[in-house]
Amino acid sequence: MILYVISVGLSITMGLMGFINLAHGVFAMAGGYILSTVMARLGVPFPLALACAFLVVSLGSVVLERLLYSRLYAAGELSQVLFSIGLILMSMAVARLVFGNLAAPIFLPDYLRGQVHVTGRDFPTYRVFLIFFSALLIVLLWFGVERTRWGAMVRAAVDNRSMAQSVGINTSHLFMITFALGSGLAGLGGALGADILPVQWSYPFEHLVSFLIVVAVGGLGSLCGPFVAALLIGVADTACKYWIPEFGAFLIYAATIGILLWRPMGLFGVRA
Amino acid sequence: MSGYTSNPRIRWQESLPWILALGAFFLMPEYLSLGARILTYILWALSLDLILGYAGIITLGHSAFFGLGAYTAGILSARYGVTDPFLQLLAAAAAAALLGISTGAVILRTKALTLLMLTLAITSIVLEIANKASWLTGGADGLSGVTVAPILGLFKFDLFGRTAFLYCLVALFLGWLIVRRLIYSPFGAMLTGIRENTTRMHAVGAPVYWRLVLVYTISATMAGIAGALLTQVNQFVGLNVLGLEPSGDLLVMLILGGVGRLYGAFVGPVVYLIAQDYLAKQYPEYWYFGIGLLLIVVVLFARGGILGLIDKVRDKWLQALSRHRSSAKASAR
Amino acid sequence: MAASALETQKLCKSFGALSVAEDIDFRLAPGARHALIGPNGAGKTTFVNMLTGRIAPSSGRILLEGHDITKANQAARVRRGLGRTFQITTLFRSLPVLDNVALGIAERDGVARRMWKPASRHTEITDEALQLLATLGLKDDARTPVQDLPYGRQRLVEIAIALGLKPKVLLLDEPAAGVPSQDSGRILEILGALPSDIAILIIEHDMDLVFRFASRITVLVAGEILVEGTPEEIASDSRVRAVYLGEAHG
């Protein structure tokens, strides 16, 4: 489910701006580091630290967007891919310099540790929390996109940017806000998932393929697509490890290929 | 560069790479192993330029072919005792070609992100297989004990890399000949057309899909040969030839040198690998940072890479020169 | 024996509940000078895209010189002799004019697959391309990148590419669109000088051009053919007047 929180932001930004942002993992990593630092150094409680991660990453992403990303909207796929790779490399270097080689330590609050007893079986509390959080998130996002005016504008701009512009929607403003949201969500996801996906300097690269799979399979620009995809991947991964451990990630890649060939726009792709 | 108005005559500058390479052979004997490796990467970069720079296929999965070629050569030698270098190359080429045509036929119907994802997935699968099938591939430890019999029975692979260097140079030369011919041919012009405006190519009757599959297969074959060469030079093959990382590295090398201009594939790997040899070992973080920064700078300001910059500088210089000449003429009257 | 150069039988297209083409029975005679007109949104471009193979029809057949091409893809139709120009110039912008035309000629002649002899040495292609450019007055621009040409001349290159394919049927989608008036005269001249064995269907809004060029006109409204006939018949048809006058007022 962590994959979902992180990747939904990518789905939104890539779907909306048509920008191939491979550096999305950088924002997730930043969120994780912020959570760890803020909690350890400043003693900030967990929920506040999460909010911090979200906000700081959002603001940071706005700066990046204004300065760099916006120049490349029309630059073509190759430039975007290269740019995001460059960003990944730089941020990995900085992370390693500043935080060293070890994973950022995360101290979960007591109320989220341990186990929870549900319907006769024990589940790790944190995982249950994550599931609820993701569900809440999807509801909020759905509400925000389907029901609010902002959501309508986003949908219009995704559908047809120039039309939206001629109707008076300030698309560059919109992009900036949406990018901030998407990246902020990544930061939040990185922070939330720091316990499960350890935050270290190689994070953006390590998990790039996973994020991309979730988004590509789920469908760019959709909200539930990545949810379903993340769910499928999570289930498949666990099932594989249980039954056929030798095949590991193999099945996930093969499934990705299969799904993308059957539905090139992803399961819930906007432009199916 | 390609096309119906281009001049296919070999210009004097085009002999520079070979002169430099021979010069390195005689003057820098300590670096010949590194040199041989660089040569294999140049061949690999050439194959990528064919599909990326000319046909416009953006892929992060080119390491699949390189790695498959590398492992084919390694496995044949270490597991089955086939040591003839040409047989190893042939097998690598065949394996890579097969993978190229089968994956190409399947994925080249898609575009943009979907295509990128599929290339990534494919190279990841090959990496997984190499990782898990350790009885064949040596898994995470890699495959050592790769032996290569003397070439034509005469030239043994020596410790200093002299044979390896010349061997790779010859291979590169042949590869370069083929790619150069291809680029200047009507086929090359057609590839440029596909890259420039695919809709238009459909509308002039080009069977775009089949052409892309063909060039993808050619490129895959070349990449496979490059991979096999690397195994032969190193006498070892490991997992680092597969997956996202080497694909990304190659992409960076090509961009650095300049995409779509044939010699970018020469300049890029040379600069990148030499710099990496010096810097990355001592200051790995700074290396990553520098490369990342360089990449962003190139994307924003110097899309044509090093060769593009050289072109711009040369153009400015020529302009200044002609202005100087015409003002000199004017004042002489 | 093909009585028509291009023909559609009960051609329909709908996107979900929205029907953009209904039961279109259209005939283009050999050597025709035929125009397709209609108000905006009538479905003219959709129709052309179905003819060329960019969109698949929901039902119906398309016949090119008697051959059923309904299932054929774009490139196959082009090779059978169906050429088109695009309403929005679709050219190889950074390539020289000569290459733009030569690429099409090379496809037609099967030269495009060749990988050995340099393209510029294929003089049979370059000579033909130059000749074609000369007839359109573009010879001096042969080595200029298309994007450096004024828009009016780019439209001419668009036509040149289509002609280079030696089509038997030529679909011109608003050839004079966006062209400043001093250049559109040139386009008209060229249209008038096109070989008489090519059947031409032109889609245009410029009524002046339509009435001077076409010997037959089809009026398409809301995805259906309203009426078809000679220019005089169309000009005097009250329904057509209503559609266009309604347009002018609305």
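**Reading burial, contacts and a cavity**

Mentor: B:Ser63 counts as buried, because its relative accessibility is 0%; buried means under 20% relative accessible area, exposed over 50%, and partly exposed in between, with a 1.4 Å probe and protein chains only. This is a predicted model, in which local features need pLDDT of at least 70 and side-chain atom pairs count only at pLDDT 80 or more, while totals for chains, interfaces and linings use all residues. Residues are numbered from 1 along each chain as its sequence is written, chains are lettered from A and ligands numbered from 1 in the order in which they are written, and side-chain values use heavy atoms, with hydrogens and water left out.

Trainee: Where does B:Ser63 lie, and with which residues is B:Ser63 in contact?

Mentor: Helices (H or I, at least four residues) and strands (E, at least two) are DSSP runs numbered from the N terminus, and B:Ser63 lies in helix H3 of chain B. Contact means heavy atoms within 4.5 Å. Leaving aside neighbours within four places in sequence, B:Ser63 has contacts that include B:Trp44, B:Thr123, B:Leu242 and B:Pro246.

Trainee: Is B:Thr59 buried or exposed?

Mentor: B:Thr59 is buried, at a relative accessible area of 3%. The loop between helix H2 (32-54) and helix H3 (63-78) of chain B holds B:Thr59. Residues up to four places away in sequence aside, B:Thr59 touches B:Leu48, B:Ile51, B:Leu116 and B:Thr119. A polar atom of the B:Thr59 side chain lies 2.8 Å from the backbone nitrogen of B:Gly61.

Trainee: How should I read a distance in space against a separation in sequence?

Mentor: Take the two numbers together. A:Val38 and A:Leu50 are 12 residues apart in sequence, with 9.4 Å between their C-alpha atoms. For C:Ile159 and C:Pro180, 21 residues apart along the chain, the C-alpha separation is 17 Å.

Trainee: What surrounds A:Val38 and C:Ile159?

Mentor: A:Val38 is in helix H2 (residues 24-42) of chain A and counts as buried at 11% relative accessibility. Beyond neighbours within four places in sequence, A:Val38 is in contact with A:Gly43, A:Val44, A:Ala49 and A:Cys52. C:Ile159, in helix H5 (residues 151-164) of chain C, is buried at 2% relative accessibility. With residues up to four places away in sequence not counted, C:Ile159 touches C:Thr85, C:Pro175 and C:Ile187.

Trainee: How many helices and strands does chain A have?

Mentor: Chain A has 12 helices and two strands, in the order α-α-α-α-β-β-α-α-α-α-α-α-α-α along the sequence. Of its 272 residues, 52% are buried. Among contacts in chain A with a separation of 6 or more, 74% join residues 24 or more positions apart.

Trainee: What is the volume of the largest cavity?

Mentor: On a 1 Å grid over the protein atoms alone, a cavity is a set of points where a 1.4 Å probe fits but cannot get out, and lining residues have an atom within 4 Å of a point. Grid points are joined across faces, edges and corners, and a volume is the space filled by probe spheres set on the points. The count is one cavity of 30 Å³ or more, and the largest cavity has a volume of about 70 Å³. Its lining includes B:His202, B:Ala203, C:Gln74 and C:Arg84. Helix H9 (198-203) of chain B, with helix H2 (74-79) and strand S6 (82-85) of chain C, are the elements that give two or more residues to that lining.

Technical notes. On a 1 Å grid over the protein atoms alone, a cavity is a set of points where a 1.4 Å probe fits but cannot get out, and a pocket is an open set with protein on both sides within 12 Å along at least five of seven lines; lining residues have an atom within 4 Å of a point. A polar contact is a pair of N or O atoms within 3.5 Å; within protein, one must be able to donate a hydrogen and the other to accept it, and residues adjacent in sequence count only if both atoms are side-chain atoms.
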